[in-house]
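Work through the exercises below with the sequence and the model side by side. Try each task before reading its solution.

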Amino acid sequence: MAFHPIIDLTRGVVWGYEALVRGTKGESAGAILSQVDEERQYKFDQACRVKAIELAGRLFPATGDTKLSINFMPNAVYEPAACIRTSLETARRVGFDMKRIMFEFTENERMADTKHVARIIAEYRRLGFITAIDDFGAGHAGLNLLANFQTDLIKIDMELIRGIADSAARQAIVSGILVMARALDITIIAEGIETEAELAALKNAGIDLFQGFLFAHPAIETLPAVALRA
């Protein structure tokens, strides 16, 4: 697993780290995920969760509230309470507070049953986990997902971020997302930040949490050095 920081620029701290799957020779997440067929989805999803939590227990500060963000496959979760059991047991075993864990799912994965996803979100939140939609604005169903259930956070897709400083259309879309998020009491993370101009535009829009190469690149099985901007 590699770790990529999420920055709280208002406080000037690392809010959390997203755990990203990598191959043993540094292969990308896409290269690894392309090898996971439907029959192995559940075991792969569980193995990634366990690995991420074990590493967080070893690498993260023991005190504080630094979050661990884990991507998961909703279609691999056959029954929410049963599928989360291994994650709970791993967190207890390594002494990692489960309230510091955020589960994020990408809307790039087609949701076969949105009611099932809603049950997953409800169960995870009941247990004290944080939930998020990744890549919001890309993929299959952004607004429809929000109409059916609300997560704690939304991560705005990097394609909406790219070049936002010079794009009135992108600025208007992000502004609209922020209005919806505030009405639904959802926190926004802007991901894929690569330039100071993008960062300035998003700060001016009222966003506090950021993720992107401007701050750090993912580091495999270690926490990367972070360049905090004022």
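**Exercise 1.** Determine what percentage of the 230 residues of the protein chain count as buried, and judge whether the radius of gyration agrees or disagrees with that of a compact globule.

*Solution.* Of the 230 residues of the protein chain, 49% count as buried, where buried means under 20% relative accessible area, exposed over 50%, and partly exposed in between, with a 1.4 Å probe and protein chains only. This is a predicted model, in which local features need pLDDT of at least 70 and side-chain atom pairs count only at pLDDT 80 or more, while totals for chains, interfaces and linings use all residues. Residues are numbered from 1 along each chain as its sequence is written, and side-chain values use heavy atoms, with hydrogens and water left out.
Next, the radius of gyration, taken over C-alpha atoms, is compared with the globule rule of 2.2 Å times the number of residues to the power 0.38. For 230 residues a compact globule would have a value near 17 Å, and the protein chain has 17 Å, so the two agree. Along its principal axes, the C-alpha trace spans about 45 × 40 × 30 Å.

**Exercise 2.** Find which residues touch the most other members of the largest nonpolar core, and describe where Ile193 is found.

*Solution.* A nonpolar core is a set of buried Ala, Val, Leu, Ile, Met, Phe, Trp, Tyr and Cys residues joined through side-chain atoms within 4.5 Å. The largest one has 57 residues, of which Leu68, Ile193, Leu202, Ile207 and Phe210 touch the most other members. Helix H2 (residues 41-59) supplies the largest share of this core, 6 residues; helices (H or I, at least four residues) and strands (E, at least two) are DSSP runs, numbered from the N terminus.
Ile193 is found in the loop between strand E7 (187-191) and helix H9 (196-205), and it is buried, with a relative accessible area of 0%. Leaving aside residues up to four places away in sequence, the contacts of Ile193 (heavy atoms within 4.5 Å) include Ile161, Leu202, Phe210 and Phe215.

**Exercise 3.** Work out which residues of H8 are buried and which are exposed.

*Solution.* Helix H8 (residues 168-183) has 16 residues and reaches 23 Å from its first C-alpha to its last, close to the 22 Å expected at 1.5 Å a residue, a span defined as 1.5 Å times one less than the number of residues. Val174, Ile177, Leu178 and Ala181 are buried in H8. They cover an arc of only 100 degrees around the axis, and therefore lie on the same side of H8; the arc is that of the directions from the helix axis to the C-beta atoms. On the other side of H8, Ala168, Ala172, Val179 and Ala183 are exposed. Among the elements that cover the buried residues of H8 are strand E5 (130-136) and strand E6 (153-156).
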